Amino acid sequence: MRTQKLLLGFLASVMLAAPRVFAKPLQVVTTTSDLAAIVADIGGSDVRVEPLIPGNQNAHFFDGASTHIKTLASADLFIQTGVGLESGWAPSLIQRSRNKSIQPGTKGFLDASGVITPVDTPTDSTQPSGDIHPNGNPHYLTDPGNGKLVADLIAKKLTELAPLNAGFFEKNRKSFQSRLDMRIQEWTHKMAPLKGTAFVSYHKNWTYFAKRFELGSMGEIEPKPGIPPSAADVQALTSRMKSNGVKILLIDPWSDKTTAESIAKATRAKIIPMAVGPGAAPKTTDYLSTIDYNVNALLKTLK
Ligand SMILES: [Zn+2]
């Protein structure tokens with residue numbers, strides 16, 4: 001009886017679905033959860049996608065366990081954020097996977113930063129400072145406008161690797177981008193009262209988000225990306241926040257809470273846990289819900 005029911009359900013779903021060409025799902029591995037979420041939206045049931053790093057972990061630092069090498073070994077496509085985010089660990093992981101299809105330079109290797117314009121890039125006069133953003137700021141997917149560009153790139157790549165499913169990917173890309181367009185309008189409208197509002201973040205990962213919604217950054221707790229603050233750095237930041245009346249302090253799940261809390265206490269700023277990618281905060285299950293979470297987290301400061 002149960003089998004019959006399942007079979008009927010299956011047949012009904014096949015009959016209701018638009019005619020499609022079925023092929024083996026593409027195995028996609030991304031470094032970060034935001035990229036995986038966009039792949040899932042565009043690829044739907046025609047891809048199996050897995051991020052190497054959960055959203056609640058710092059993508060700058062990652063040790064490649066052997067399970068990850070196994071995951072990479074069977075991948076058809078590897079996607080990284082680029083702009084140096086994964087440069088400390090991804091190249092050796094890919095090499096150790098011995099998967100010829102995803103090596104840099106092959107069509108199974110994709111660097112998503114190719115379609116965006118990085119900010120905070122070093123100029124000729126900038127000396128190397130030993131920070132973890134040596135090529136510019138890699139946290140570009142915090143701006144939903146960049147999410148749209150990356151969706152184009154991913155749709156193109158999936159189509160190249162699985163041309164029989166081109167129509168399905170195209171339909172999903174259009175749907176994703178039109179939903180994103182609608183939400184961008186809504187978020188921009190909601191965030192308008194916060195225009196020009198200054199904030200401080202633990203790490204420099206909200207630059208693109210701030211630019212999109214015209215917030216005013218007053219710097220970071222880390223004196224340089226990835227460099228822990230000294231007592232003097234904390235002191236200087238605290239007095240800067242006090243004299244400028246900065247009341248918003250954005251942190252990540254992996255930020256040092258003791259330092260953040262002592263600064264918040266001294267400045268009466270509100271600590272806001274943000275989600276740099278899906279999985280970094282409750283209910284951030286996909287790309288849109290992650291941006292929505294961050295917008296709503298900021299809006300709470302208005303109350
Ligand atoms: Zn960073």
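Select helices α3 and α4, which pass each other in a right-handed crossing; that word applies if the near helix is turned clockwise from the far one by less than a right angle, and left-handed if anticlockwise. Helices (H or I, at least four residues) and strands (E, at least two) are DSSP runs, numbered from the N terminus. The model is predicted: local features need pLDDT of at least 70 and side-chain atom pairs count only at pLDDT 80 or more, while totals for chains, interfaces and linings use all residues. Residues are numbered from 1 along each chain as its sequence is written, and side-chain values use heavy atoms, with hydrogens and water left out.

α3 covers residues 66-73 and α4 residues 90-97; their axes lie 8 Å apart at an angle of about 65°. Axes are lines fitted to C-alpha atoms, for helices over the stretch in contact, and angles run from 0 to 180 degrees between N-to-C directions. Show the side chains of His-68, Ile-69, Leu-72 and Ala-73 in α3, which meet Leu-93, Ile-94, Arg-96 and Ser-97 in α4. Contact means heavy atoms within 4.5 Å. These residues divide into 5 nonpolar, 2 polar and 1 charged. Here Ala, Val, Leu, Ile, Met, Phe, Trp, Tyr, Cys and Pro count as nonpolar, Asp, Glu, Lys and Arg as charged, and the others, Gly among them, as polar.

Next, select β1 to β4. They form an open sheet in the order β2-β1-β3-β4, with parallel pairing; two strands pair if DSSP finds at least two bridges between them. β2 (47-51) and β4 stand at the edges with a single partner strand each, so one side of each has no neighbour in the sheet. The twist from one strand to the next averages 20°. Strand β1 (residues 26-30) is joined to β2 by 5 bridges, and Leu-26 has Val-47 as its bridge partner in β2.

Now select the zinc ion. His-60, His-133, His-139 and His-203 coordinate the zinc ion, each through NE2, at 2.0 Å. Donors are N, O and S atoms within 2.8 Å of the metal (3.2 Å for Na, K and Ca); water is not among the atoms, so sites may look incomplete. The angles among the 4 donor atoms are 107 to 112°, and the site is tetrahedral, a label given to four donors if all angles lie between 85 and 135 degrees. His-139 lies in the loop between β4 (109-111) and α5 (144-161), and His-203 in the loop between β5 and α7 (207-212), so this pair ties together parts 64 residues apart in sequence.

From there, go to the open sheet of 4 strands with the order β6-β5-β7-β8, where the pairing is parallel. Its edges are β6 (216-220) and β8 (270-273); each has a single partner strand, so one side of each is left without a neighbour in the sheet.

The axes of α8 and α9 come within 9 Å and cross at roughly 35°. Residues in this contact include Leu-237 and Met-241 of α8, and Ile-263 of α9.

Conventions: Four donors count as tetrahedral if all angles lie between 85 and 135 degrees; four count as square planar and six as octahedral if opposite donors are over 155 degrees apart and all others between 65 and 115; anything else is irregular.
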